[in-house]
Amino acid sequence: MTDTEWGGEAGGVVGRPWDEPSAEGRGDPFDDALALANGTAPPRVRPGSGPGITTVTAPYAAGGAVAAAASATGGGDAPYTPDDPFAPDDPAAARSGPSGPVCPTPPTGTGPRPTPAAVPWHTARRLAERAAPGPPAPETSALGETLGRTLAAPLTALTDLPSFDTSAMDGWAVAGPGPWRLDRPADASEAGPPSGILAGHAPTEALLDGHAIPIATGARVPSGATAVLRSEHGEVRELSDGGRRLYAPRPAPPGQDIRPRGQECRRGDQLLPAGALVTPAVLGLAAAAGYDELTAYRRPRAEVFVLGDELLDEGLPRDGRIRDALGPMLAPWLHALGVEAAAPRHLADEADTLYAALAESTADVVITTGGTASGPVDHVHPTLRRLDAEVLVDGVAVRPGHPMLLARLAPRRHLVGLPGNPLAAVSGLLTLAEPLLRTLAARRPAAPYRTPLAAAVTGHPQDTRLVPVAYRDDERHGLTAVPLRFHGPAMLRGIAAADALAVVPPGGAERGTELEILELPWSAGWSAGWTPGWAAPGDPYDPPEATGGRA
């Protein structure tokens, strides 16, 4: 069974392949998953599971005692220690699935409903990518305002490039074979050496055969010229009649050091297709091709709500309170994804406060941190029910970050609920927020690739793991991914030193195994949407050799 199937990971949602219609005739896995998340679909049975063995997906969690019990036995982030392998005696290891025991029949009545079965990691990313129908309508803006956005129409040359025959070097424009008599430009003064043809000045006279004239790089080549002789290849000699003659040690073949008109493109040529990311180089190309404005999709707008009364904005942890690590991290990360995001808002752990903030928000995507489990102050699920939101993903079979969620607040407005632990929140950001925002920004997904591991990684029994890795050269395997320590759900030390995250399948992977890699925006180099003034870090942190051991 492959990653394109619903049953691509043990313990996840099972059934038919992604593109194969169901027996019930629904035919769309997105709709099926949506129905499952909201408790409106019949149970599914795992095919080939043997007599009497049935795996059933449960509806959207309603919170309360049942959900809390499921969280305690594995509904939240894995309870194994941050730098040790998954503990075999962990209660989560004995679960029937990554979300804990599930109810074989849909619940009835008004009481709390059981925790839903977690969605396999690859499936969750596809669901997030398809959650929005597409990007908002494109806008036409000045060149500088389109940096980091995606072209909504092909970039077509408005002129030939170059738009005239241009000198590629400083030297002399020459006509015919040498030696050449040096001409003085018509507008040059009699005093001093002839200035020749400068960039930005069009020559008014044709160059006669056997004559030459000084020319600067980028200047327009006069009609009649057959080549440009570089300044270091020519020798000027004074003549007895007061004139000057140019000599060259070897002939100047026709076209030498002349950039002909239209060498790069002709007017009407397509330079870039629709969907290309507007990088600084694209801005330069567009300007050279004659553009003052570009039509591009606008950046998605996001709001970040940081939940938790225990969080401090400054100073050292004190009195049982801790520093907020997600607020300073999320806005720059979203900017790197081409998203407009204001400074995060801290909200008190009050249901009405969260409800008002979500009801009043006009952002395309709201991102919350914390509150996605079933604790006494976890208000995200109840607030979504109060807003009559559609839950698209409620729990993902991934560690860290299991209790993440994705919901539709309105036809073109979504919420991504990230866990409160920092690395678990990063997992949710890459799993659900990035694919959704990529669709809204009309950005193409990064090309998938795999890299061999430099050391073995222990896996979760049922779930995918996302492990921070750093790139290193290996004599045997070439470029490898070194698993980093300090990768627990509440830790950022590992991801701060990482180049990427390795996608570790259930059961783990041995040294040399090629794993799927998720590069981080600042290491991948594909993002053009950094916050103005953002300074790229210097040399990457090189962790000690011990950090390449078993994760």
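How many aromatic pairs does the count come to by the ring-centre rule? The count comes to zero aromatic pairs. Under that rule, rings of Phe, Tyr and Trp (its six-membered ring) pair if their centres lie within 6.5 Å; planes under 30 degrees apart count as stacked, over 60 as edge-to-face and the rest as tilted.

## Basis of the model

This is a predicted model, in which local features need pLDDT of at least 70 and side-chain atom pairs count only at pLDDT 80 or more, while totals for chains, interfaces and linings use all residues. Residues are numbered from 1 along each chain as its sequence is written, and side-chain values use heavy atoms, with hydrogens and water left out.

## Charges over rings

The charged end of Arg386 sits over the ring of Tyr355, 3.8 Å from its centre. Arg493 has its charged end over the ring of Phe486, 4.0 Å from the ring centre. A charge sits over a ring if NZ of Lys or CZ of Arg is within 6 Å of the ring centre and within 35 degrees of the ring normal.

## The sheet

An open sheet is formed by three strands in the order β2-β14-β3, with antiparallel pairing. Its edge strands, β2 (138-142) and β3 (150-151), each pair on one side only. Five bridges join β2 to β14 (residues 293-297) in the antiparallel sense, and Thr140 stands opposite Thr295 in β14.

Strands (E, at least two residues) and helices (H or I, at least four) are DSSP runs, numbered from the N terminus. Two strands pair if DSSP finds at least two bridges between them.
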